[in-house]
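Trainee: I would like to learn how to read a structure. Please take me through one step by step.

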Amino acid sequence: MSDELKPRQCWTFLAQKAQDASNQIQTELAQLQARMQGLVQNQERLKTLYEEYRQQANAQGQEQSGMGAAMNQRQFMNQLLALMQRVELDVQTVKMQQSQTRQRLLEAERERLKMTSLAEQDARNVQLNLNKREQRQIDALGLTQYNLREAH
């Protein structure tokens, strides 16, 4: 009988578990955002470096620099282009991971809200039962007092 006087702990536990899962996914999303910022910074640095070397190649082309130096510079610029492509692939991968993580976060938040709602509903039902029990006791006491008055 005392079991129905307390809210069930399972709903509170499940709500906390859902909150923990949501927090974990939010942490993952923050890590992905930090990774994205790093990749964007790398992208900008590579673009700037490539542009500098391209301008140097144009300037040196006019000065007729050595054939070996020109080949080295072209090779380095090709390596920069390859790096830029690799960083772009990484950016696309992180964007896809962010999208998937946001979807997981939405699902986790739905689950958290559901569990929280169930815990609150259970607490309300328990309180309602307590109120009804108290009212029955008050009614019984009032009836007893009435009967005692009538008996005297």
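This is a predicted model: local features need pLDDT of at least 70, side-chain atom pairs count only at pLDDT 80 or more; totals for chains, interfaces and linings use all residues.

Trainee: What is the radius of gyration of the chain?

Mentor: The radius of gyration is taken over C-alpha atoms, and the globule rule is 2.2 Å times the number of residues to the power 0.38. For 152 residues, a compact globule would come out near 15 Å, whereas the chain has 35 Å. Along the principal axes, the C-alpha atoms fill a box of roughly 125 × 20 × 15 Å.

Trainee: What share of the residues counts as buried?

Mentor: Buried means under 20% relative accessible area, exposed over 50%, and partly exposed in between (1.4 Å probe, protein chains only). In this chain, 20% of the 152 residues count as buried.

Trainee: Which residues form the largest nonpolar core?

Mentor: A nonpolar core is a set of buried Ala, Val, Leu, Ile, Met, Phe, Trp, Tyr and Cys residues joined through side-chain atoms within 4.5 Å. The largest one here has eleven residues: Leu32, Met36, Leu39, Leu46, Tyr50, Met77, Leu80, Met84, Val87, Val91 and Val94. Helix H1 (9-63) and helix H2 (67-151) each supply at least two residues of this core. H2 gives the most, with six residues.

Trainee: Which residues is Leu39 in contact with, leaving aside its neighbours within four places in sequence?

Mentor: Contact means heavy atoms within 4.5 Å. On that basis Leu39 is in contact with Val87, Asp90, Val91 and Val94, with neighbours within four places in sequence left aside.

Trainee: Where is Met84 placed, and which residues does Met84 touch, not counting residues up to four places away in sequence?

Mentor: Met84 is in helix H2. Not counting residues up to four places away in sequence, Met84 touches Leu46, Lys47 and Tyr50. Met84 and Leu46 are 38 residues apart along the chain, with their C-alpha atoms separated by 6.4 Å.

Trainee: Is Thr101 buried or exposed?

Mentor: Thr101, found in helix H2, is buried because its relative accessible area is 4%. Residues up to four places away in sequence aside, Thr101 touches Ile25, Glu28, Leu29 and Leu32.

Trainee: What do Glu51 and Lys114 count as?

Mentor: Glu51 lies in helix H1 and counts as partly exposed, at 28% relative accessibility. Its C-alpha atom is separated by 9.2 Å from that of Met77, 26 residues apart along the chain. Lys114 is found in helix H2 and is also partly exposed, with a relative accessible area of 44%. Lys114 and Trp11 are 103 residues apart in sequence and 9.9 Å apart in space, C-alpha to C-alpha.

Note on methods: Residues are numbered from 1 along each chain as its sequence is written. Side-chain values use heavy atoms; hydrogens and water are left out. Helices (H or I, at least four residues) and strands (E, at least two) are DSSP runs, numbered from the N terminus.
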